[in-house]
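Let us walk through a protein model together. Keep the sequence beside you as you read.

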Amino acid sequence: MNQISHLSIICLLVVCFLAVGCDGTPDNVGLVEGTVMLNDAPLPGAMIEFVPQASEGRTSYATTDAEGHYVMIYYGETEGAELGVNTVRVTLPDPGDDSDKERVVIPAKYNTQSEETFEVLQGENTHDIKIEM
């Protein structure tokens with residue numbers, strides 16, 4: 001009985017390892033990073049969404065750093081976005097009433113009515129986003 005339990009645990013671990021892959025990234029996910037530029041300047045604090053055009057897909061998210069760089073997050077701490085064509089959306093948070101920052105509104109063609117798409121492939125992908133206003 002004890003050997004069966006050990007064998008079951010080993011089989012379960014092997015199946016989990018194969019399903020997730022060697023680096024912890026699921027098989028249906030490619031790593032995606034890039035830079036968001038607004039009028040040729042890095043755009044910090046932008047929120048990026050990769051929405052799979054496949055109906056059952058999971059949306060990935062990222063936020064740009066001070067240099068406008070982002071790395072997509074599939075879920076939890078797992079980096080990446082679903083393989084295939086994704087609609088790319090860029091938004092900026094509202095700075096609030098007490099902020100000294102001027103409110104920048106990203107045009108709808110980059111967010112709610114996004115025309116930007118990117119095909120995520122296996123492995124590492126780079127997608128730089130250039131927003132012109």
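**Starting from serine 60**

Begin at serine 60. Neighbours within four places in sequence aside, serine 60 is in contact with Ile48, Glu49, Phe50, Met72, Ile73, Tyr74, Gly80, Ala81 and Glu82. Contact means heavy atoms within 4.5 Å. Serine 60 is found in strand E4, residues 60-63. Helices (H or I, at least four residues) and strands (E, at least two) are DSSP runs, numbered from the N terminus.

Is serine 60 buried or exposed? It is buried, with a relative accessible area of 0%. Buried means under 20% relative accessible area, exposed over 50%, and partly exposed in between, with a 1.4 Å probe and protein chains only. The side chain of serine 60 also reaches the backbone oxygen of glycine 80 at 3.0 Å.

A word on the source. This is a predicted model, in which local features need pLDDT of at least 70, side-chain atom pairs count only at pLDDT 80 or more, and totals for chains, interfaces and linings use all residues. Residues are numbered from 1 along each chain as its sequence is written, and side-chain values use heavy atoms, with hydrogens and water left out.

Now step back. The protein has one helix and 12 strands. Of the 133 residues, 32% count as buried. Among contacts with a separation of 6 or more, 62% join residues 24 or more positions apart.

Two strands pair if DSSP finds at least two bridges between them. Two bridges join E1 to E8 (residues 81-82), and the two run antiparallel. There, glycine 30 has alanine 81 as its bridge partner. E1 runs parallel to E11 (residues 124-126), with three bridges. Valine 32 stands opposite asparagine 125 in that pair. Three bridges also join E1 to E5 (residues 69-71), in the antiparallel sense. E1 and E12 pair in the parallel sense over three bridges.

Leucine 38 of E1 deserves a look. It stands opposite isoleucine 131 in E12. Leucine 38 also stands opposite alanine 41 in E2. The hairpin of E1 and E2 has two residues between the strands, and asparagine 39 takes a positive phi near 50 degrees there.

Another set of strands meets at E9. E3 (residues 47-52) and E9 (residues 84-91) pair in the antiparallel sense over six bridges. Valine 51 has threonine 87 as its partner in E9. E9 pairs with E10 (residues 117-120) too, antiparallel, over four bridges. Proline 52 lies in E3 and counts as buried at 10% relative accessibility. The C-alpha atoms of proline 52 and valine 85 are separated by 6.1 Å, though the residues are 33 apart along the chain.

Finally, check the confidence. The average pLDDT, the predictor's confidence in each residue from 0 to 100, is 85 for the protein. Over residues 11-21, pLDDT stays under 50. Where pLDDT is low, the predicted coordinates should not be read in detail.

Technical notes: Polar contact = N/O pair within 3.5 Å; in protein donor to acceptor, adjacent residues only side chain to side chain.
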